Amino acid sequence: MGVYLKGFLIACKGIPATVAVSLIAIVIGAAFGLLLALCSQTKSKILQVLAKVYIDVVRGTPMLVQALIMAYGIPWLLQSWGVGFKWDNFGGMVVPAVIVCGFNSAAYMSEVIRSGIQAIDKGQMEAARSLGMSHGMAMRLVIIPQAIRIILPAFANEFVTLIKETSVLGYVGVVEILRRGQLWNSSSFETFPAYIGVALAYMILTIPLSKIINGYERKMARKESAA
Amino acid sequence: MSMIEIKGLCKSFGDHEVLRGIDQNVEEGEVLCIVGPSGSGKSTMLRCINRLEEPTAGEIYVDGELVNEGNIDSMRTKMGMVFQSFNLFPHKSVLDNLTIGPINVKKADKKESEEKAMKLLERVGLAEKAGEYPRNLSGGQQQRVAIARALAMDPEVMLFDEPTSALDPEMVGEVLDVMKSLAKDGMTMIVVTHEMGFAKEVADKVIFMDGGYIVEQGTPDDVLNHPQMDRTKDFLSKVLI
């Protein structure tokens, strides 16, 4: 049993890296996802197409491939142009990892945010505009605050997904939960305990989060039916 | 100079022509009621005035100033709008619903805005509801708050788009009473309504619309009691039972 505990504790050492990357990425994802959602709803055809292409490309490719392109492909390209670029000079491999997770998540978040905004009755926008608010002010003061309540559960689900997705970052040199387990496995050859430990380390992050989301959704549903 | 001048207003949705050339003036302090069957274009006409619908052709002048895409935000502050479905902001308290416009659009002082909002709530008889959220109010109360919200911007004219159509019958009176008192205080009002009793009692002028045209217009007595056009007579015979 001790070997399983050890596997778990070693995997847990990766939790700070996994959580830090996920947290920064979800913030990038929310901000850029909002921008994408707003672009896809503007009158400008160019912005609409750009947002659509971005979302299709990101959703149509595995995050591991995106991470490899960002972490190794881009430095290779820049070096072939004679630019001496190394991620190590810009904060280490965790930087491309966070960028990829954030901008990957943005593509998914944008759809969530867009549907949240569209769920708001269009009378709300009309009422805000008829008070003399600009479109942007109406979005900021009236539409987005209401949309956030609708979006929140999906947003938290995206965070859970992101935590699990960061497991691919071991391949680009980030020592997160899975990588900790792999490293220990290759030195101890305790393969089963190593990966069970990794699985448990993810579960202590994701399961409580999912429970909180479920609780919030139930609370909202009760509120809805009471109103 | 008229408060509102509508010149050659046309509006189409795709191939569907909803307004086919509307000319109408509204004077300061005047109450204009627009009646007519569903789909006659009366709501669309009202929504074109503050450009919630963009006119296909024609011009709207408010206070002699042409309303266009460039000045619409500032022009809308002169026109209070009340909707059939209230459209209060559900995430804001009643008081915040009244102050959100003045504070953010007019950059008014928060405290002054709140004091003024309380006076307006008193005026519509809902001062004790200031801290409530709209979902806790009845339909009639919500619509009175919506009227107060529009008044908080100090508009020069109030636009009402079937303000009592979504209400339970027993709540229609309280909303109409607020509107009557506004009219009595000299507010310029354009009211799209099915309440013929209200139109008779309060309107200075009534227009009957059908098929995107103004079919008949005049004093309430002319249009509602002694209509000249067959289309008007037909409509009134169906609604005034």
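This is a predicted model: local features need pLDDT of at least 70, side-chain atom pairs count only at pLDDT 80 or more; totals for chains, interfaces and linings use all residues.
Reader: Got it. What does the C-alpha trace of chain A span along its principal axes?
Author: About 70 × 55 × 25 Å.

Reader: And how much of chain A counts as buried?
Author: 42% of its 227 residues do. On contacts, take those in chain A with a separation of 6 or more: residues 24 or more positions apart account for 75% of them.

Reader: Can you give me a residue to look at? Where is G102(A) found?
Author: Look in helix α5 of chain A, which covers residues 94–118.

Reader: Is G102(A) buried or exposed, and why?
Author: G102(A) counts as buried because its relative accessibility is 0%, and the cut-off for buried is under 20%.

Reader: What does G102(A) touch, leaving out residues up to four places away in sequence?
Author: A25(A), I28(A) and G29(A). There's also A31(A): G102(A) is 71 residues from it in sequence, yet their C-alpha atoms are 9.3 Å apart in space.

Reader: Which helix has S105(A) in it?
Author: S105(A) sits in helix α5 of chain A. S105(A) is buried too, with a relative accessible area of 0%. Setting aside residues up to four places away in sequence, S105(A) touches I26(A), G29(A), E158(A) and L162(A). G29(A) turns up among the contacts of G102(A) as well.

Reader: Switching topic: how many residues does each chain bring to the contact?
Author: Chain A brings 20 residues and chain B brings 23. The two chains bury about 1,800 Å² between them, and 60% of that is on carbon and sulfur atoms.

Reader: Which three residues of chain A supply more of that area than any other three?
Author: E126(A), S130(A) and L131(A), which supply 32% of what chain A buries against chain B.

Reader: What about salt bridges across the interface, how many are there?
Author: Two. One of them joins R47(B) to E126(A), with the closest N and O atoms 2.6 Å apart. For polar contacts, the count between the chains is five residue pairs.

Reader: Which helices of chain A each supply at least two residues to the side that touches chain B?
Author: That's α6 (122–130) and α7 (135–165). Helix α6(A) gives the most, with seven residues. By type, the residues on that side of chain A are nine nonpolar, six polar and five charged.

Reader: Now chain B. What's the order of the strands in its open sheet?
Author: Four strands, in the order β2-β1-β4-β5, and the pairing is antiparallel.

Reader: Which strands stand at the edges, and why does that leave one side without a neighbour?
Author: β2 (16–26) and β5 (65–66) of chain B are at the edges. Each has a single partner strand, so one side of each has no neighbour in the sheet.

Reader: And how many bridges are there between β1 and β4 of chain B?
Author: Five, in the antiparallel sense, between β1 (residues 4–13) and β4 (residues 57–62). For a pair you can find yourself, K7(B) has E59(B) in β4(B) as its bridge partner.

How values were computed. Residues are numbered from 1 along each chain as its sequence is written. Chains are lettered from A and ligands numbered from 1 in the order in which they are written. Side-chain values use heavy atoms; hydrogens and water are left out. Contact means heavy atoms within 4.5 Å. Buried area is the accessible area (1.4 Å probe) that two parts lose on being put together, summed over both. A salt bridge is a side-chain nitrogen of Lys or Arg within 4 Å of a carboxyl oxygen of Asp or Glu. A polar contact is a pair of N or O atoms within 3.5 Å; within protein, one must be able to donate a hydrogen and the other to accept it, and residues adjacent in sequence count only if both atoms are side-chain atoms. Ala, Val, Leu, Ile, Met, Phe, Trp, Tyr, Cys and Pro count as nonpolar, Asp, Glu, Lys and Arg as charged, and the others, Gly among them, as polar. Buried means under 20% relative accessible area, exposed over 50%, partly exposed in between (1.4 Å probe, protein chains only). Two strands pair if DSSP finds at least two bridges between them.
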